[in-house]
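My entries follow in the order in which I looked.

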Number of protein chains: 2
Amino acid sequence: MKILVLGGCGFIGSHVVDRLMRQGHQLRIFDRSEEKFRLPLPGVDYRRGDFADRAALAEAVEGMDAVFHFVSTTFPSTANLDPKRDVADNLIGTLQLVEVMLEADVRRLLFLSSGATVYGLPDATPIPETHPLRPIGSYGITKAAIEHNLEMFRRTSGLSPVIVRASNPFGPRQSHTGVQGVVATFFNRIANGEPIEIWGDGSVVRDFVDVRDLADFCLRAGTSTREGVYNAGRGVGISLVDLIATMERIAGRSVPRVFKPSSVTDVPVSVLDSRAAERDFGWRAEHDLEESLAATWDWVRSLKPGIG
Amino acid sequence: MKILVLGGCGFIGSHVVDRLMRQGHQLRIFDRSEEKFRLPLPGVDYRRGDFADRAALAEAVEGMDAVFHFVSTTFPSTANLDPKRDVADNLIGTLQLVEVMLEADVRRLLFLSSGATVYGLPDATPIPETHPLRPIGSYGITKAAIEHNLEMFRRTSGLSPVIVRASNPFGPRQSHTGVQGVVATFFNRIANGEPIEIWGDGSVVRDFVDVRDLADFCLRAGTSTREGVYNAGRGVGISLVDLIATMERIAGRSVPRVFKPSSVTDVPVSVLDSRAAERDFGWRAEHDLEESLAATWDWVRSLKPGIG
């Protein structure tokens, strides 16, 4: 297939590109950055541009069989600081993407949503896709509004969307500047011998999924013709304190903890029921948590030559 | 109380203003239009401006105890035509309103949402407030996203929102140009002896509420200190075909029906459970449907001096 990957140089997008390349798909990458983690891939048609640039987006969409959309200008941890920007960049940006897709008669769209934030405070865990969407932070509110709009365009305009609600992805290439995810951030602190900052008492439970497993699911879902919404998580929760203890064991070193006030838009528990992904795509998260954490630790260390 | 009414010259806002005046509140009206249905009200501080004008909005908010927000630049029947505009005008506009309110330390906000659209296809009727939000058209999607954001600002910033999910309001002063509501539109057609256009087979069921009842509830909810979300409907459904038959009986004349294809974002049934409004505010829709329709017919006729 001819596939446009929006955000294909980023954390999740780049792992999806790896898998699509292996399957022999013809790829075009639209990203505001160049490859950050490797040399440009041979045979890939790179388009550098801003997601808000309608003309550049329209050119990139032209002639494609499908679009995989991994662009987000915000993070769950920081989107609340400027909800207007979150809406303008990501919601209006995605509505514009759908416009240019329909104009170019490109109907297949994989959209990466956020199972960790769209449900809000869950009635029970693991959370199935049928659970009401009650997001309490800007990131999840915007993702939910995008999902609703994609469903509207499916009904009104023949868009063919498949939506992936990821749990908390982690792994190599995740930014460790403190906003994209706790695993990369904590490993970076451990590598530097710096204290780990924990928001709240560390009892919050999350469903961490290896980015390679998530990428594998995106490949399966996006290259199929199925429409709908799928959770993609391991279905097993771990508390932050237990996660940190595991990470320290893997790293063979420990660091102090600093406890900070928790955010009122952080949910206490988020674990996804991903049985629909297994039923329809035969997918399960294959990687063991400790093995995945070890691979991430190896990657963090590889960026810091001084660390043994 | 000092109350700013956004959209206070419009269909619903003007009825709320009537009731607030009677209770002796000190009113400021912010609207893009002048009074359309009456002379300017004595003692009201009118501010003419655009909802998107941040500076004008900030001036209007200054010194108020509460803001009642009835502005919408779109209608349920037409919002799908330009979802980007719906988001830019109404979602980003309301986020900007909250910003200027918090800057001015004005925390009380009544927001008019849409019980007829935010729920999507209901699991059962009448629909309680706890029903999941699964809007399938742009109008409801944007209203739901605004609701989620108001809840976020309640948690993070001390905003004190009360949200009114109206069913299908009708009554005097409703626009009859075919977009704001079927009752005014149909009565206008009946008065002109023109055919009525029905989208679908006319079997869709709606919960029509007299705008005076809705305005009464907005008064009670907005001037209280209660936060939360309340349906406001009669709790009784009527199909379009039955509604039209009743309207023709009241008008004493009948017109041809023209059936058009229905919209895929129209839900087949919407009837609201408003018991929470009764429990917390002692409110019920008081007006009988036929009496309300007769009042609306009188109003439509009053605009057309040639009709007996």
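Entry 1, a strand pair. I began with strand β2 (residues 26-31) of chain A, which runs parallel to β3(A) and is joined to β3(A) by four bridges. Two strands count as paired if DSSP finds at least two bridges between them. Helices (H or I, at least four residues) and strands (E, at least two) are DSSP runs, numbered from the N terminus. In this pair I found D31(A) opposite R48(A) of β3(A).

Before going on I noted the basis. This is a predicted model, in which local features need pLDDT of at least 70 and side-chain atom pairs count only at pLDDT 80 or more, while totals for chains, interfaces and linings use all residues. Residues are numbered from 1 along each chain as its sequence is written, and chains are lettered from A and ligands numbered from 1 in the order in which they are written.

Entry 2, the whole sheet in chain A. I read the strand order as β3-β2-β1-β4-β5-β6-β11 (chain A), an open sheet of seven strands with parallel pairing. From one strand to the next the twist averages 20 degrees. Axes are lines fitted to C-alpha atoms, for helices over the stretch in contact, and angles run from 0 to 180 degrees between N-to-C directions.

Contact here means C-beta atoms, placed from the backbone, within 7 Å. I also found helix α6 (residues 211-222) of chain A across β4 (66-69), β5, β6 and β11 of chain A, at about 165 degrees to β6(A).

Helix α3 (residues 83-103) and helix α4 (residues 138-157) of chain B pack at about 20 degrees, their axes 10 Å apart. That makes α3(B) roughly parallel to α4(B); angles under 35 degrees count as roughly parallel, over 145 as roughly antiparallel, 65 to 115 as roughly perpendicular and the rest as oblique. By class I listed 10 nonpolar, six polar and one charged residues in the contact of α3(B) with α4(B). Ala, Val, Leu, Ile, Met, Phe, Trp, Tyr, Cys and Pro count as nonpolar, Asp, Glu, Lys and Arg as charged, and the others, Gly among them, as polar.

How is chain B laid on chain A? A turn of 180 degrees and a shift of 0.0 Å along the axis do it, with an RMSD of 0.0 Å. The two copies are thus related as by a two-fold rotation axis. The superposition is by least squares on the C-alpha atoms of residues with pLDDT of at least 70 in both copies. In chain B, P132(B) has the C-alpha nearest the axis, 2.4 Å from it.

I counted 25 residues from chain B and 25 residues from chain A in the contact. On the side of chain B that touches chain A, α4(B) gives the largest share, nine residues. That side has 14 nonpolar, eight polar and three charged residues. The copies meet through the same surface, because 100% of the interface residues of chain B are also interface residues in chain A.

Note on methods:
Two residues are in contact if their C-beta atoms, placed from the backbone, lie within 7 Å.
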